[in-house]
Amino acid sequence: MAPEKEESKQVFPELIFGLVGAIGTDLDQVQDALAECLRAVGYEPILISLAESLKELKRQGDPDFPIIPEKTSSEYYDQAIKRGNYFRQSMEQEEAALSLGIQAIQLDRDSRKLESKRRAYVLRSLKRKEEVELLRSIYGPAAIIISVYSPRSERVNRLSEKLATISHRNRLDSYRTEAEALVQRDEEEHDVEYGQRVRKTFPLADFFVEIGTGIKTQESLERFIELVFGNLSHTPSLDEQGMAMAHLARLRSGSPARQVGAAIADLKGRILSIGTNEVPKAGGGQYWPGDTEDGRDYAYGAFDVSDKMRKNLLGDLLERIGKAKLLVKNCPSLDELLARKPSEKSSESIRESLIFDTIDFIRVVHAEASALFNLRIPATEPGMTLYVTTFPCHECARHIVISGIKRVMYIEPYPKSLVRELYHDSISIDEQCEGPKVSFLPFVGIAPNLYTRLFEVGERKRKNDDGKIIKWNPRSSFPQLLRAYSETAARVSEEEKLKVFRNRLKEKGYS
C-alpha cells in the first residue's frame with residue numbers, strides 16, 4: 001500500500017505536445033493514436049486546433065481580413081492560409097497563431113480547475129519554427145514536438161480527394177494540380193514574409209513518426225510515450241543509433257555556415273564510418289585542433305570565402321550590366337542592397353537569387369563525402385545506410401550514387417540542393433525505392449536531441465537489489481524529461497507572454 005500513497009502525492013506536470021505536419025498529412029490518425037497512448041499512462045489528452053482558433057478570430061472594420069468558406073475546397077485552403085499569413089503580418093509576430101493556442105490552453109485550464117490532475121494539451125498544427133521556439137521558451141522540456149511524415153505522393157492524393165466533391169470523383173486527376181500547388185505553398189512560401197514554413201519547422205521535432213500504408217504508427221507512438229514515461233525496456237533502433245552518431249559527428253565541424261554530420265552503418269547497425277563538413281588537410285584527412293597549421297575556415301580569414309566569391313560574382317555581373325547601360329538610374333550599390341532588411345523586396349530578391357545558392361566555392365569537404373572517403377570497405381556491400389543530419393547537396397549526391405550506397409536518411413532540408421532536378425534517374429526522394437535507385441528518406445524515430453535523455457539509464461534502475469527485473473507501471477510512471485522541471489516558472493512565463501500578446505491583439509483590433 002505504501003507505493004499507492006506515494007503515487008497519490010505525486011504531482012504530475014502538464015504536458016504540451018505540438019504536432020507538425022505538411023498539408024495533406026492525415027493528422028487525425030496521429031492525433032487519435034497519441035490520445036490513446038496518453039490515456040494509457042493516465043493523462044487526459046486535450047486537442048487545440050490552431051486552424052480553428054484562426055477561423056474563429058474576428059477583426060472589426062477590416063474588409064481585407066480573409067474570409068474562410070465553410071465548404072472544403074481549394075478556396076477554403078487558400079483563404080485559411082491567407083488568414084494565417086495576414087494575422088501574423090498584422091500582429092508583426094511570426095508565432096502569433098501559436099499564441100492563440102497558448103491562450104486556449106490557459107482558458108481551458110482555468111475552466112477545469114482541479115477537474116483533471118494529469119493533462120496533455122495537443123496543439124495542431126505548427127507551421128513556423130518561431131512557434132516551436134515559443135513553446136520551448138515557455139514550457140521547456142514539457143513542450144514535446146512531434147513531426148509527422150507522409151510521402152508527398154500520398155499527401156497529394158489525399159488532398160486531391162478532399163478537393164473533389166462527391167459528384168466530381170470521376171475527375172479526381174483534375175484536382176491534382178491544385179493539390180500540388182497547395183503542398184508546395186505549405187512547405188515554403190518564399191515570397192511571403194509571414195507565410196507558411198513547414199519545411200523549416202519539420203526538422204525541429206523531438207520525435208518523427210511516419211504514417212502510411214503498412215506503417216505501424218500506433219506502435220511507434222506507444223514506444224515514444226513509454227520512453228518519455230521511463231520505460232527502460234526500450235533501446236535505440238538501428239536508425240536512431242545511426243542518426244545519433246551522425247549528430248555527434250557534426251559537432252566537430254568548425255564551418256561558419258552550418259555543422260553537418262554523417263555516419264555509414266551496415267545492416268547489423270555497425271558504424272563503419274563517420275564524417276563531418278570540414279576543410280581537407282594536406283596529407284589526407286581534415287583539420288583537427290592542435291594541428292601545426294590550422295587551415296579551417298574561421299582561421300582562414302575575416303570572412304567566409306564562399307560568401308565573398310558569390311558577392312564577387314554578383315558584383316561583376318551588375319558592373320557589366322551597368323556598363324552596358326541596362327540598369328535603372330540611381331540603382332543602389334550591391335553593398336546597399338545586401339545591407340537592407342529581408343522584408344524589403346529589392347533586397348529579398350537579391351538574397352534569393354540562384355547565385356547565392358551556388359556551392360562551388362565552399363572549401364570544406366562535405367560530411368557525406370568525408371564519410372565515404374573514410375569508409376574502408378566497398379559501399380556496394382548490401383544494406384549500407386548513410387545517415388546525414390542535412391539533406392545531401394547535388395555534388396554529394398553524385399558521390400553517393402557512384403559509391404553504391406542504397407539508402408540515405410536525413411533530418412534537415414537543404415533548399416540549395418538540386419538533387420531532384422539533376423538526378424531523378426538515379427535517386428528517389430522521400431519514397432522507398434525497391435529498384436536500382438538510391439532512396440533519400442526522412443528520418444523517423446527519436447530525434448538526436450533526445451537520444452541521451454531518453455535512453456540513458458543514469459540513476460534509474462532496471463532491477464531490484466535481489467536481481468528481479470523492475471516491471472514498468474504505466475499508471476504510476478512519471479515523465480522522465482521533467483524531473484527538474486518547474487511548472488510554476490512555466491506558468492509565470494506563459495502569463496507574461498500572453499499579457500503582451502493580448503495587448504497586441506487589442507491594439508490591432510482583434511477579438
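In the predicted model, aspartate 266 is buried, with a relative accessibility of 14%. Its side chain meets that of arginine 270 in a salt bridge, with 2.7 Å from N to O. Arginine 270 itself counts as partly exposed, at 48% relative accessibility. The pair therefore joins a residue under the 20% cut-off for burial to one that lies between the limits of 20% and 50%. Side chains of opposite charge can pair when their charged atoms come close.

A search of the whole structure finds 33 salt bridges. One of them is formed by glutamate 180 and arginine 152, whose closest N and O atoms are 3.8 Å apart. This pair links distant parts of the chain, since glutamate 180 belongs to helix H8 (residues 176–187) and arginine 152 to helix H7 (residues 152–163), 28 residues apart. Glutamate 180 is partly exposed, and its relative accessible area is 32%. Another salt bridge is found between lysine 200 and glutamate 188, where the closest N and O atoms are 4.0 Å apart.

Glutamate 494 is located in helix H20 (residues 487–507). With a relative accessible area of 1%, glutamate 494 is buried. Its side chain is joined to that of tyrosine 139 by a polar contact of 2.4 Å. When residues up to four places away in sequence are not counted, glutamate 494 touches Ile102, Ile105, Gln106, Arg109, Ile138 and Tyr139.

Helix H5 spans residues 96–112. The distance from the first C-alpha of H5 to its last is 25 Å for 17 residues, close to the 24 Å expected at 1.5 Å a residue. H5 is mostly covered, as 13 of its 17 residues are buried. Just after H5, lysine 113 adopts a positive phi of about 55°.

Six strands make up an open sheet with mixed pairing, in the order S2-S3-S1-S4-S5-S12. Its edges are strand S2 (44–49) and strand S12 (445–446); each has a single partner strand, so one side of each has no neighbour in the sheet. Within the sheet, strand S1 (residues 15–21) pairs with strand S3 (residues 119–124) in the parallel sense, over five bridges. Leucine 15 has alanine 120 in S3 as its bridge partner. Helix H10 (residues 217–228) lies across S1, strand S4 (143–149), strand S5 (207–210) and S12. The direction of H10 is at about 160° to that of S5.

Arginine 407 is positioned opposite serine 439 in S11. S11 also pairs with S10 in the parallel sense, over three bridges, and isoleucine 429 is positioned opposite phenylalanine 440 in S11. Five of the five residues of S11 are buried, so the strand is largely enclosed by the rest of the structure. Both of its faces are covered, with Val438, Phe440 and Pro442 buried on one side and Ser439 and Leu441 buried on the other.

Helix H17 (residues 394–403) has buried residues at His394, Cys396, Ala397, Ile400 and Ser403. These buried residues pack against three helices and strands on a list that includes helix H16 (367–374), helix H18 (419–422) and strand S8 (385–390). Strand S9 (407–412), strand S10 (427–429) and strand S11 (438–442) are also packed against by the buried residues of H17. Just after H17, glycine 404 takes a positive phi of about 100°.

Terms used
Residues numbered from 1 in each chain as written. Predicted model: local features only at pLDDT ≥ 70, side-chain atom pairs only at ≥ 80, totals over all residues. Heavy atoms only, no water. Helix = DSSP H or I, 4+ residues; strand = E, 2+ residues; numbered from the N terminus. Buried < 20%, exposed > 50% of the residue type's maximum accessible area, 1.4 Å probe, protein only. Contact = heavy atoms within 4.5 Å. Pairing = 2+ DSSP bridges. Polar contact = N/O pair within 3.5 Å; in protein donor to acceptor, adjacent residues only side chain to side chain. Axes fitted to C-alpha atoms, helices over the stretch in contact; angles between N-to-C directions. Expected span 1.5 Å × (residues − 1).
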